[in-house]
Amino acid sequence: MIVAATLSLQARTGMTEQPCCELSPRQVLLTDAEDLEELGIPPGGLRENMVLRGVNVGELPSGTVLRCGAKVALRLAFHCEPCGHMTDQLPECIKAGLGPNPVKALQRKRGVLAIVLEGGKVATGDSVFVDEQQRYEPLSDTTKERLEWLLPKVPPGRLVTYVDALSLVGSPSGFARAIPAYLKRWAGKQPWAHRLVQSDGALIEKHVPGQRAALEAEGVGVQTVKGVDCVDLAPVRWQPAHVELFLKKVR
């Protein structure tokens, strides 16, 4: 983590010193000073990039645009999930009061992830306010619902892998273990589920019956290699644009 009185941000990629992929919604982490104080955690303890006071960013809806300093504009994405690192930062007296599942008790307390719309420099003491003239499509706090937002955008004849899909919705790759359970819930209900494949191009007919036929109907070539149905990802891998994912305005 970089600690500085001035932060330089670039549109679409986040911090100049630690740029992100422009297709990631996890570019900047904003935390309320009041939450840090309530939890007894010093600034920087949650690996946040900016600490805001008097904004109550944790209660602002996803899609809200924040204006920071003279030039910077941030589009709020979703709440950052709490983790073991966060509980490790807590004083014992506070941790003891969170019950048997402290991570669950800390939901919506780690801060909000944001995408940089307009770059520039932000310094300690700069003003921050909500731009009431702009609002973008909201993103859910849950991985399952963000996947349900993403996967319908995959066009016919294009595919997305588990890992790529999780990266695009800003979830850790470890959530790949949960995808089969999501697919079971989506079975027969979502016409786009067949466009999701494993990272090596292997089909997942076990979880998506009829996947091969559905892909071939869209012109995707399927091969059987050593008894496994798979596709060559190179010509069919979906590569969305930043504007397609994150810049759909609702006003």
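Against which elements do the buried residues of α5 pack? They pack against β6 (72-79), α6 (162-168), α7 and α9 (242-246), where a contact means heavy atoms within 4.5 Å. This is a predicted model, in which local features need pLDDT of at least 70 and side-chain atom pairs count only at pLDDT 80 or more, while totals for chains, interfaces and linings use all residues. Residues are numbered from 1 along each chain as its sequence is written, and side-chain values use heavy atoms, with hydrogens and water left out.

**Overall architecture**

- The chain holds nine helices and 13 strands; helices (H or I, at least four residues) and strands (E, at least two) are DSSP runs, numbered from the N terminus.
- Along the principal axes, the C-alpha atoms fill a box of roughly 60 × 45 × 30 Å.
- Of the 251 residues, 46% count as buried, a term that stands for under 20% relative accessible area, with exposed over 50% and partly exposed in between (1.4 Å probe, protein chains only).
- Among contacts with a separation of 6 or more, 66% come from residues 24 or more positions apart.

**Helix α5 and the second largest pocket**

- Six of the eight residues of α5 are buried, namely Thr143, Lys144, Arg146, Leu147, Trp149 and Leu150.
- The second largest pocket has a volume of about 280 Å³. Of its 17 lining residues, the closest to the centre are Glu81, Gln107, Asp141, Thr142 and Thr143.
- A pocket is an open set of points on a 1 Å grid over the protein atoms alone, where a 1.4 Å probe fits, with protein on both sides within 12 Å along at least five of seven lines; lining residues have an atom within 4 Å of a point.
- Two or more lining residues come from each of α5 (143-150) and α7 (179-186), and α5 gives the largest share, three residues.
- By type, the lining divides into six nonpolar, five polar and six charged residues.

**Salt bridges**

- The count comes to 14 salt bridges, each a side-chain nitrogen of Lys or Arg within 4 Å of a carboxyl oxygen of Asp or Glu.
- Aspartate 35 and lysine 109 meet at 3.4 Å, N to O. The two are 74 residues apart, with aspartate 35 in helix α1 and lysine 109 in the loop between α4 (102-105) and β7 (112-118).
- Aspartate 35 counts as buried because its relative accessibility is 14%, whereas lysine 109, at 23%, is partly exposed.
- In the pair of aspartate 131 and arginine 67, the closest N and O atoms are 3.1 Å apart. Aspartate 131 lies in strand β9 (residues 128-135) and arginine 67 in strand β5 (residues 64-68), so the bridge ties together parts 64 residues apart in sequence. Both residues are buried.
- Arginine 195 and glutamate 218 meet at 2.7 Å, N to O. Arginine 195 is in the loop between α7 and β11 (196-197), and glutamate 218 is in the loop between α8 (211-217) and β12, 23 residues apart.
- Shared partners join Asp35, Glu38 and Lys109 into one salt-bridge network.

**Positive phi**

- Arginine 47 has a phi near 60° and is found in the loop between α1 (33-39) and β4 (50-52).
- Lysine 226 has a phi near 50° and is found in the loop between β12 (223-225) and β13 (228-230). Its relative accessibility is 84%, so lysine 226 counts as exposed.

Key: Grid points are joined across faces, edges and corners, and a volume is the space filled by probe spheres set on the points. Ala, Val, Leu, Ile, Met, Phe, Trp, Tyr, Cys and Pro count as nonpolar, Asp, Glu, Lys and Arg as charged, and the others, Gly among them, as polar.
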